[in-house]
Amino acid sequence: MYVQPLFLTTCPSECENASIFPQGFNSYFPRGEVVLAFGKQEAERKFETLLNHLSHPPSFTTVRVNTHLASVQHVKNLLFDELHKQFNGLTVPILQHPDLQDVLLIPVIGPRKNIAKQQCEAIVGAQCGNAVLRGAHVYVPGIVSASKFMKAGDVVSVYSDIKGKCKKGAKEFDGTKVFLGNGISELSRRGIFNGLPERKGIGIRMTEPVYLSPSFDNVLPSYLFLQNLPSAVVTHVLDPQPGEKILDLCAAPGGKTTHIAALMHDQGEVIALDKLPNKVKKIKQNALLLGLHSIRAFCFDGTKALKLDMVKDTEGEPPFLPESFDRILLDAPCSGLGQRPNMACSWTLKEVTSYQPLQRKLFTVAVKLLRPGGVLVYSTCTITLAENEEQVAWALTAFPCLQLQPQEPHIGGQGMLGAGLSFEQLKQLQRFDPSVVPLQDMDIDSLKEARVEDMIWLANKDCIGFFIAKFVKCKSIQEKDP
């Protein structure tokens with residue numbers, strides 16, 4: 001059954017989709033060729049529909065099985081038992097993706113509309129609210145406000161402050177807020193706001209969320225990695241092979257890095273770079289947890305990863321000599337406007353448009369580090385033309401040694417008009433656009449009646465906004481044309 005595309009089913013009527021994005025973003029969003037192809041009114045409708053979909057969670061939770069340590073079927077059985085406990089005996093199907101054999105899909109139940117709102121309330125920040133809609137409990141740092149009489153053990157209604165107007169420690173809040181569901185408080189109001197900065201545990205355990213998704217907090221941590229569907233697709237598109245030397249240029253938190261190592265059967269060398277020490281620490285922790293030993297993570301700025309003097313490489317650490325990698329993944333820093341649910345955006349338009357130059361710097365380094373015949377995959381989790389198709393058009397002009405390649409598996413749609421790419425080139429790109437399907441109401445009864453192939457189709461469409469391009473380097477940059 002379909003629901004009308006509102007901002008959020010439980011959102012107050014005064015909320016508007018456009019308010020979640022930077023002022024002026026609608027004029028920045030590409031329209032030229034889209035308007036010519038569809039007409040102004042249809043282009044406008046497509047844009048508003050996309051914004052609306054981004055404010056809702058995807059229809060499925062996606063997890064990747066660590067096939068290095070266990071079979072998919074074994075982990076699927078363990079997960080079935082875990083979900084049966086979490087959902088108090090409710091049976092929710094777990095689907096193995098037919099084109100991504102290491103990916104499992106769990107339907108999200110909701111939005112559930114008959115949850116009784118409580119007098120006791122807690123307000124959480126927008127990012128915390130987004131996580132709750134994906135199945136997380138509420139952790140203490142995310143709580144902004146709590147009713148003055150809230151005690152440990154109370155049933156509490158949880159709301160998201162989507163505009164960031166609630167003051168920390170407030171006892172009530174009458175501003176714009178989105179209902180996320182009910183939970184049981186693990187702490188009193190005093191325990192939450194007693195000034196102890198080290199308090200980081202669960203503050204409210206969600207028992208009646210608007211969207212019922214499994215919590216993966218410490219659930220089969222060596223066997224499962226929580227990952228959006230397109231993020232798993234991109235590593236399969238890279239197609240890493242045992243024995244190869246592969247670079248993940250912007251690797252944190254390590255989901256794609258560990259996926260690369262697992263697909264290589266942990267045979268070869270996977271170099272992971274990130275410029276923030278705490279993120280590099282997380283990559284190493286994930287590699288250790290998943291039992292992967294082929295990964296070497298370094299705290300290093302990817303824009304400086306090319307060794308400019310042609311002396312012998314030292315100990316395999318960055319910077320690296322030109323043309324020293326078989327495959328490179330550039331999951332580039334981006335505006336992240338494809339993430340879901342996205343009920344609030346703190347970016348300014350200036351910040352959104354600032355990523356293109358950085359992406360080109362990283363791309364240039366990646367091309368120079370890739371050996372002739374090697375594969376470069378570029379991806380983002382954003383929806384803007386400037387960070388996606390425009391970057392592909394620029395790359396093909398700036399680097400004649402690159403050729404755009406077909407992708408396998410090809411689960412997303414083709415690229416967007418507007419960057420001057422040919423229709424054949426657009427077909428070789430993957431753009432995941434969640435607005436191509438109507439928003440869904442999903443309940444247990446509808447799941448019982450649904451066909452597996454229909455659910456897989458929906459999972460492929462109703463995911464985060466994402467973009468993938470695959471290139472092959474046909475010849476060395478140093479070579480001169482005859």
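## Salt bridges across the chain

Arginine 296 forms a salt bridge with glutamate 269, with the closest N and O atoms 3.3 Å apart. A salt bridge here is a side-chain nitrogen of Lys or Arg within 4 Å of a carboxyl oxygen of Asp or Glu. This is a predicted model: local features need pLDDT of at least 70, side-chain atom pairs count only at pLDDT 80 or more, and totals for chains, interfaces and linings use all residues. Residues are numbered from 1 along each chain as its sequence is written, and side-chain values use heavy atoms, with hydrogens and water left out.

The pair links distant parts of the chain: arginine 296 is in strand β13 (residues 295–299) and glutamate 269 in strand β12 (residues 269–274), 27 residues apart. Helices (H or I, at least four residues) and strands (E, at least two) are DSSP runs, numbered from the N terminus. Arginine 296 counts as partly exposed at 30% relative accessibility. Glutamate 269 is also partly exposed, at 22%. Buried means under 20% relative accessible area, exposed over 50%, and partly exposed in between (1.4 Å probe, protein chains only).

## Two further pairs

Arginine 371 meets aspartate 326 in a salt bridge at 2.6 Å, N to O. Arginine 371 lies in strand β15 (residues 370–380) and aspartate 326 in strand β14 (residues 325–331), so the pair ties together parts 45 residues apart in sequence. Aspartate 326 is buried at 18%; arginine 371 is partly exposed at 30%.

Glutamate 389 and arginine 431 form another salt bridge, their closest N and O atoms being 2.7 Å apart. Glutamate 389 belongs to helix α12 (residues 389–398) and arginine 431 to strand β17 (residues 430–432), so this pair ties together parts 42 residues apart in sequence. Both residues are buried. The whole structure has 14 salt bridges. Arg451, Glu453 and Asp454 are linked in a network of them.

## Nonpolar cores

The largest nonpolar core has 57 residues. Such a core is a set of buried Ala, Val, Leu, Ile, Met, Phe, Trp, Tyr and Cys residues joined through side-chain atoms within 4.5 Å. Phe60, Leu79 and Val233 are among those with the most contacts inside this core. Helix α7 (residues 229–238) gives the most to this core, with six residues. A second, separate core of 36 residues includes Leu247, Ala366, Leu376 and Val392.

## Helix α11

Ala366 is also one of the buried residues of α11, along with others including Tyr355, Phe363 and Leu369.
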